[in-house]
Each structure stands twice: as structure tokens, then as C-alpha cells.
Amino acid sequence: MSKYKRIFLIVMDSVGIGEAPDAKKYGDEGANTLGHIAEHMNGLYMPNMERLGLGNIHELKGIKKVAKPLAYYTKMQEKSAGKDTMTGHWELMGLFVDKSFQVFPEGFPKELIKELERKSGRRVIGNKPASGTEILEELGKEHMENGAIIVYTSADSVLQIAAHEEIIPLKELYDICEIARELTLERKHMVGRVIARPFLGEPGNFQRTANRHDYALKPFNRTVMNELKDEGYDVFAIGKISDIYDGEGITESIRTKSNMDGMDKLIETLNMDFSGLSFVNLVDFDAIYGHRRDPQGYGKALQEFDVRLLEVFQKIEEEDLLIITADHGNDPIHHGTDHTREYVPLLLYSPSMKNGGKEIPLRTTFADIGATLADNFGVEKPGYGASFIQELD
């Protein structure tokens, strides 16, 4: 019988908590997403995360270390190579990625772009690393004038295609992205994700819409989510979770428009009677604030998230477990616009923990979460990771 009937897993996308031991290998020495944001804000005000024990994991300005935290707490180190969203999430569910996904710091190869133009019937402009807002400012007007698609990448393994919804209809944009996905399955061009980036507005005032769609690689092996689904458990994928796993191991996919919408949808599942996993990714931390190196906006978003935890506390039940963690770092004080190789926080809370929480040992792989889910629900465990379910009183 399961120890917990329902597990709610919140991934605060990119909320790292200090450089990992191998940060130097990635050019990320000194990175500390939460620490640097707290310093920039002259102290973060996150009383609910403080009560759980966030300040006990790492010294953070404005967040006190508490004598009796509500949650079990520690931090996790990524075992896989790379610091990509997919790598982090796949490892959370029990996979080990031994080679980083390919990146394209000089843009995509000419032969790939020519083939994309031929098959899509649209000319390509851009083809370089860029932030989503800057590339629209630079090329949005030209795109509207001639209908060329804007192709760009980032420090991540992504091929992004931007198009104005009134110039290129969504269905056509999605079709073009499917062509790009097929073209980038070849090993020499392989990328983790192709992303549709639709936008609206006029030159000088472009806004990306909520109609983003990710076309990810399928996980190379079964994850714990596959095991849960096959054994009849519910697996709710909220936000971009379904895209990250390409729909594998998911019983219901729930789209979101923002962090706050993600919390709304998570809270809706708290009101439901189910057995299994409710899994949300809060993407705004990463996409809107981390990559754009906006520590002020990032800090405010963290504080807004903290407020929403009150609703979670009000609705969570004795047979539930809340897990709060992250998938990598994205220090907005760090150089560049890339993710950062960091530890991530891990907080575990249930109302059944009558004596409160305490520190548990450092986790040396994110896959410990997948192993814990498997152990709790009695399904086949992944090849990586060690369950910590017995450490939770």
C-alpha cells in the first residue's frame, strides 16, 4: 500500500541554490541563483518557503534558518551531463543522460537551414543565438514584411521558430516546427527541443503569446511516469511537462500560460480525488527572468510563488506529499544568458509529518525523486537513484 496516495511535484524551473562541484567544467563557478537574487533584492520575503526550511539548506538573505522546519530538506546534485531543461527533468524521473545535447553557438548548419526552407516554403532569417525579445525587436518588422520565419537558438539545445500569428497562422507554424523536428533527429543536427514561438503586436511592441509549443525528443528509455501510468495511476502533466517528455507516461496534459496559471492548475488537482502524481513546471522563473538576466523580476516572481503556497497548505491532505525542487540554475547575476550548473533545493512536506521536518542527506542524483515515486507507489524502480521514502517519518 502506498505511503502517500497523491504526490504533488513542483519544479521551480531554474531555481538553483549554489554552484555544483563540477560548475567549473561548465564555466559556472560562483553561480548561485537564489543567493544572488536574495542579495540583489536586499533580502527575499518568502515566509512559507522559510517555514518549510529553505533557509536551512543554504544561507539566503531575508530567509531565516528555522529551528523546527515543516519539511524535510536537502539539496540535490545533477548526475547527468549538461544543464538543460530536458536533461534535468529526465533525470528527475530516473534517466541518466551521459552526453550533453548538441548546442549551436554559431547558428545552425547551412545545409539544415536550406532543407528547412525547401520543405517549409519559407525563407529563414536570423539563425543565431539570441533572446526571444531581442530577436523580435531586430527581425520582427522584416518578418511581417516578407513572411520569412525567424529561426534562432540559445545556449540550450533548442531550435526556436518565431512567427507573427497574423502573418503565419498557428497551424502552419506548428507544421513548420514538425518539419524542423524531423530534420533535427539526425545525429549531426540533433537538438533537444524545437519550439514554436508565436507572437503578436506591431514593431516596437511585440508580445509572445501563450501558444508556444515544444517538440521534444522522446525519452530514450522508460521513466517512472511510464510505470505509474501502466499500473493505473494518474499522472497529471501541468505546464511544459508533457512537451519535455513528449507525452510519455502522462494520463492528462494541462496547458498553462504563466507561473500563476500553473499554480492555479496544480491547486485544481489538489481538489481532485486521484491516486498518483501531479507534476508542474513553473517556467517563468527561467524563460522570463533567468535568461533575460532580470534579478528584480525573478525575485518578485519567487515571492509571488511563495504566497500561493498558502493555498496549497490549506488543501493538502494527510495522505499527500508535496515535493518542491528545480531542474538546474539560471543565475541572473551570472555572465551570459545560459543556465548555470548548480545544486537544486529539495523540500518534502506532508501534513502527516506531525513532528515536523529535518535535514536528510545530500542527494547525488535528481533520480532519487524518481526512485522515491516508484518506491511509494510500488512500481518498477528506475536504474538510477535511491529512494528516500523511508527517511520521511
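Visitor: Which residues of α1 meet which residues of α12?
Guide: In this predicted model, T33, L34, I37 and H40 of α1 are in contact with P295, Q296, Y298, G299 and L302 of α12.

Visitor: What classes of residue make up that contact?
Guide: The contact of α1 with α12 has five nonpolar residues, four polar ones and no charged residues.

Visitor: And how do the two axes lie, parallel or perpendicular?
Guide: The axes of α1 and α12 come within 9 Å and cross at roughly 100 degrees. Angles of 65 to 115 degrees count as roughly perpendicular, and α1 and α12 are therefore described as roughly perpendicular to each other.

Visitor: What about α10 and α12, at which angle do they cross?
Guide: The axes of helix α10, residues 259–270, and helix α12, residues 295–315, cross at roughly 5 degrees and come within 10 Å. Angles under 35 degrees count as roughly parallel, so α10 and α12 are roughly parallel to each other.

Visitor: Which residues are in contact there?
Guide: On the α10 side they are M260, M263, D264, L266, I267 and L270, and on the α12 side E304, F305, R308, E311, V312 and K315. By class, the contact of α10 with α12 has seven nonpolar, no polar and five charged residues.

Visitor: Changing topic: which residues does UniProt list for "binding site"?
Guide: The unreviewed UniProt entry lists D13, D327 and H328 under that feature. These residues are spread over 316 residues of sequence, yet they cluster in space, with a largest C-alpha distance of 7.2 Å.

Visitor: Where is D13, and is it buried or exposed?
Guide: D13 lies in the loop between β1 (6–12) and α1 (33–40). Its relative accessible area is 0%. Buried means under 20%, so D13 counts as buried.

Visitor: What does D13 touch?
Guide: Leaving out residues up to four places away in sequence, D13 touches T85, K240, N281, L282, V283, F285, D286, Y298, D327 and H328. The side chains of D13 and K240 are joined by a polar contact of 3.2 Å. The side chains of H328 and D13 are also joined by a polar contact, of 3.4 Å.

Visitor: Where is H328 found?
Guide: H328 is in the loop between β12 (320–325) and β13 (344–349). H328 is buried, with a relative accessible area of 1%.

Visitor: Which residues does H328 touch?
Guide: Not counting residues up to four places away in sequence, H328 touches D13, S14, V15, G16, K83, D84, T85, D286, H339, T340 and V344.

Visitor: S14 is in that list; where does it sit?
Guide: S14 is found in the loop between β1 and α1. S14 is buried, with a relative accessible area of 0%. Its phi is near 85 degrees, a positive value in a residue other than glycine.

Visitor: With which side chain does the side chain of S14 make a polar contact?
Guide: The side chain of S14 makes a polar contact of 2.6 Å with the side chain of Y298. Y298 is one of the α12 residues that meet α1. Beyond four places in sequence, S14 touches T33, F285, D286, Y298, D327, H328, G329 and N330.

Visitor: What is phi for R293?
Guide: Phi of R293 is near 50 degrees, a positive value in a residue other than glycine. R293 is in the loop between α11 (284–290) and α12. R293 is buried, with a relative accessible area of 16%.

Visitor: And H89, where is its place?
Guide: H89 is in helix α4, residues 85–92. H89 counts as buried, at 0% relative accessibility. Apart from residues up to four places away in sequence, H89 touches V11, I241, I244, Y245, F279, N281 and D327. One of these, D327, is among the residues that UniProt lists for "binding site".

Visitor: Last one: where is L173, and what is it in contact with?
Guide: L173 is in helix α7, residues 170–183, and is buried, with a relative accessible area of 1%. Leaving aside neighbours within four places in sequence, L173 is in contact with I161, A163, I168, A196, R197 and P198. L173 and A162 are 11 residues apart in sequence and 8.2 Å apart in space, C-alpha to C-alpha.

Definitions and conventions: Residues are numbered from 1 along each chain as its sequence is written. This is a predicted model: local features need pLDDT of at least 70, side-chain atom pairs count only at pLDDT 80 or more; totals for chains, interfaces and linings use all residues. Side-chain values use heavy atoms; hydrogens and water are left out. Axes are lines fitted to C-alpha atoms, for helices over the stretch in contact, and angles run from 0 to 180 degrees between N-to-C directions. Helices (H or I, at least four residues) and strands (E, at least two) are DSSP runs, numbered from the N terminus. Angles under 35 degrees count as roughly parallel, over 145 as roughly antiparallel, 65 to 115 as roughly perpendicular and the rest as oblique. Contact means heavy atoms within 4.5 Å. Ala, Val, Leu, Ile, Met, Phe, Trp, Tyr, Cys and Pro count as nonpolar, Asp, Glu, Lys and Arg as charged, and the others, Gly among them, as polar. UniProt positions are given in the numbering used here, feature names are shortened, and annotations may be inferred rather than shown by experiment. Buried means under 20% relative accessible area, exposed over 50%, partly exposed in between (1.4 Å probe, protein chains only). A polar contact is a pair of N or O atoms within 3.5 Å; within protein, one must be able to donate a hydrogen and the other to accept it, and residues adjacent in sequence count only if both atoms are side-chain atoms.
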